[in-house]
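Subject: Structure handover

Hello,

Here is the structure we spoke about, handed over for your use. My notes on it follow below.

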Amino acid sequence: MFKPVGSLFKNTQISSRSSGAIMAMRVRQVAKDIIDSEMAGFGEEILKSIKVATLRGGVLTITAPPIVLGELHMRSGGLIREANKALGAVVIKSLRLRGK
């Protein structure tokens with residue numbers, strides 16, 4: 001009956017006229033989807049603990065358990081590339097990884 005708000009933005013292309021809140025929500029959703037698919041071998045519990053936190057000035061902040069941070073760092077180039085490709089624009093320039 002009702003769709004989650006985030007699901008409404010799955011196919012929305014990012015443009016210079018997109019509002020900041022809509023763009024941030026779309027970026028977070030795309031990044032989380034890519035992380036989940038790239039790191040599926042880590043198990044459901046680990047994937048649930050990885051959070052895409054904020055996007056500021058092209059820097060996407062991701063929080064994760066310390067054991068996963070090294071793997072995210074090694075895959076950061078591919079994650080950025082795939083996310084920007086899915087978004088249709090260069091929105092993410094770098095990742096900031098934080099342990100929790």
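Is Asp-36 buried, partly exposed or exposed? Asp-36 is partly exposed, with a relative accessible area of 25%. Please keep in mind that this is a predicted model.

Salt bridges

The search of the whole structure turned up three salt bridges. One of them pairs Asp-36 with Lys-32, with 3.2 Å between the closest N and O atoms. Both residues belong to helix 1 and sit four residues apart, about one turn of the helix. An α-helix has 3.6 residues a turn, so residues three or four places apart point the same way.

Another salt bridge links Glu-38 to Arg-75, and here the closest N and O atoms are 4.0 Å apart. Glu-38 is in helix 1 and Arg-75 is in the loop between helix 3 and helix 4, so this pair ties together parts that are 37 residues apart in sequence. Glu-38 is partly exposed, at a relative accessible area of 41%, and Arg-75 is partly exposed too, at 26%.

Arg-75 also meets Glu-71 in a salt bridge, at 2.6 Å from N to O. Through shared partners, Glu-38, Glu-71 and Arg-75 form one network.

Helix 1

Helix 1 covers residues 20-38.

Nonpolar core

The largest nonpolar core has 22 residues, of which Val-27, Ile-35, Ile-50, Leu-60, Ile-62 and Leu-72 touch the most other members. Two or more residues each come from helix 1, strand 1, strand 2, helix 3 and helix 4. Helix 1 contributes the most to this core, with five residues.

What does Ile-35 touch, not counting residues up to four places away in sequence? Its contacts are Leu-47, Ile-50, Val-52, Ile-62, Leu-72 and Leu-79. Among these, Ile-50, Ile-62 and Leu-72 are also listed with Ile-35 as core residues that touch the most other members.

Regards

Conventions:
Residues are numbered from 1 along each chain as its sequence is written. This is a predicted model: local features need pLDDT of at least 70, side-chain atom pairs count only at pLDDT 80 or more; totals for chains, interfaces and linings use all residues. Side-chain values use heavy atoms; hydrogens and water are left out. The expected span of a helix is 1.5 Å times one less than its number of residues. A salt bridge is a side-chain nitrogen of Lys or Arg within 4 Å of a carboxyl oxygen of Asp or Glu. Buried means under 20% relative accessible area, exposed over 50%, partly exposed in between (1.4 Å probe, protein chains only). A nonpolar core is a set of buried Ala, Val, Leu, Ile, Met, Phe, Trp, Tyr and Cys residues joined through side-chain atoms within 4.5 Å. Contact means heavy atoms within 4.5 Å.
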